[in-house]
Amino acid sequence: MMKKYIYKLNSTKALPIIFLFIIFGFSILSFLIPDKEKSVEENRVLTQLPTLSHQTYFEGRFQKKLEQYFNDQFPFRNSLIKWKTASDLTLEIIESNGVIKSKDGYLIERIQNPSKAAVDHDIKSLGKFKEKNPKCNFYFLLAPNAGNIMKSKLPKRVNMANQNEYMTEFFKNLNEIGITPIDARKTLRKNVDKQQLYYRTDHHWTTGAAYLAYKEAHKEMGLDSDIKYKKLSVHRNFRGTLASKSGFTNGRNDELQIYWPREHQNYHDSIYNFVDAKKTTSTFYAFDNLKKKDAYTIFGGWNHPFYTISTPTKSTRKLLLVKDSYANCMIPFLTQDFREIVVVDPRYYFGDINKIMAEEGITDVLFLYNALTFASDESMNLMLDDDNQ
C-alpha cells in the first residue's frame, strides 16, 4: 500500500516537470529551427519577427505582431494541427481552427466582425487618403464570404456573426466620405443556386463569382468594355487552404476555372511587370503552378507586393488597385477598362502610396477585399496612416 502511495505521489510531482520540459524544449526548438517565410498549406506569408521601436511598442503593434509571430512559427505547427483535428473528428467536433465542416463537402470559415473602433479607424484612414487626392474617383468593393452567402450549408447548431450588419454600416460610412461602395451581395445571392460561387475547401470565391462582382463594378465605375468570355477548366482536383488550415479531410475537391476571351473581339493583350520577381510578361496565368499544392496561385503567380499592368485600351483611365487575394481572379477583367493598372497588396508593400498616386497619374482608386480578411487585417491602415502623416 505504501509503495502504491509513493508511486502516485511521484507521478503527481512528475507531471509538472514533464510539462515544463515540453515547454522548454519547444522554446529551444523555436530558436534553433529557421523561421519559415511562407505557408504553402495556407497560401500565405507567415509573420516574421517584428522590429521593436518606441512607436510600435506604445501603439501596441509590436505586441500583436509578436503574438502572431509565435503562432505562425511554432515548431511542428502543421503536424500539431493535423493531430488535433484527428482527435476532434473522433469526438465529432465540427469546427477546427476557425473552419466549420459544412454540408455538401464545404469547409466554411467562421465570420468575425470588427469592433466599432476598428471600423472607425478604417473610415478615418480612407477619408484622409481621399482628401489628399480630391481629383480621383474612389471605389470600395467589399466581397462577402461564404459564411454569409451560403448560410444554408452551415450546420444548424452553428451561430455565425451577422456579416451583413457590418457590411451595410461600412457601405453607409463610405458614402458619407465620398467613396462609392460596390455591393455584390444581391447578385451573388441571386446566383447562389445557379453556379458555384465559393470553393469547397478554399477561402476564395470562384472566378464565376468574381465575374458577377466585376459586372457590378462595371456599372458603378462607369466602365465600357464589352468582352465575352468562355469558361476553361484548368484543374479538376483543386484542394484549397481551408482543408490544410483545419485538417479536415471530408471537403470535396473542386474544378478550377479561368475565363478566356472569346475570339474575334476587340480584346487587348496586356503587359505585366512583376517588380518583385523582376519579370515582365504578357501572361497573367501561371500555368506551371497548377502542379503545386496551391493551384489557386495560377492567378498572377502569388500575392505580389506591387506590379503594373499596361493595356493599349481606348480608355486613358489609370487605376490604383489596393487589394487582397480575392482580387486576383478579377484582375484580367479589369485590364480591358484601364490603360494602366497599378496593383498594391498592403500586406507586403511598404512603399509610399502617395508617390504612386503622383508619379503614375492615377485617375481611379479601387479597394477590393473580402470582408473577413479586411475585418482582421491592419495593413491597409498602416500603409495609409504612414502616408497621411
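The lining of the largest cavity divides into 8 nonpolar, 3 polar and 2 charged residues. This cavity belongs to a predicted model, and its volume is about 80 Å³.

**Cavities**

- Cavities of 30 Å³ or more number 3 in the structure.
- The largest cavity, with a volume of about 80 Å³, is lined by 13 residues, of which Glu109, Asn145, Ala146, His203 and Leu242 lie closest to its centre.
- Two elements, β5 (107-109) and α6 (146-149), each give two or more residues to the lining of the largest cavity.
- Strand β5 provides the largest share of that lining, with 3 residues.

**Packing of α5 and α7**

- Helix α5 spans residues 116-131 and helix α7 spans residues 163-176; the two pack at an angle of about 30°, and their axes are 10 Å apart.
- Because angles under 35 degrees count as roughly parallel, α5 is roughly parallel to α7.
- The crossing of these two helices, α5 and α7, is right-handed.

**Residues at the helix contact**

- On the α5 side, the contact involves Val119, Asp122, Ile123 and Leu126.
- These residues meet Tyr166, Phe170, Asn173 and Leu174 of α7.
- By class, the contact of α5 with α7 comprises 6 nonpolar residues, 1 polar residue and 1 charged residue.

Terms used
Residues are numbered from 1 along each chain as its sequence is written. This is a predicted model: local features need pLDDT of at least 70, side-chain atom pairs count only at pLDDT 80 or more; totals for chains, interfaces and linings use all residues. Side-chain values use heavy atoms; hydrogens and water are left out. Axes are lines fitted to C-alpha atoms, for helices over the stretch in contact, and angles run from 0 to 180 degrees between N-to-C directions. Helices (H or I, at least four residues) and strands (E, at least two) are DSSP runs, numbered from the N terminus. Angles under 35 degrees count as roughly parallel, over 145 as roughly antiparallel, 65 to 115 as roughly perpendicular and the rest as oblique. A crossing is left-handed if the near helix is turned anticlockwise from the far one by less than a right angle, and right-handed if clockwise. Contact means heavy atoms within 4.5 Å. Ala, Val, Leu, Ile, Met, Phe, Trp, Tyr, Cys and Pro count as nonpolar, Asp, Glu, Lys and Arg as charged, and the others, Gly among them, as polar. On a 1 Å grid over the protein atoms alone, a cavity is a set of points where a 1.4 Å probe fits but cannot get out, and a pocket is an open set with protein on both sides within 12 Å along at least five of seven lines; lining residues have an atom within 4 Å of a point. Grid points are joined across faces, edges and corners, and a volume is the space filled by probe spheres set on the points.
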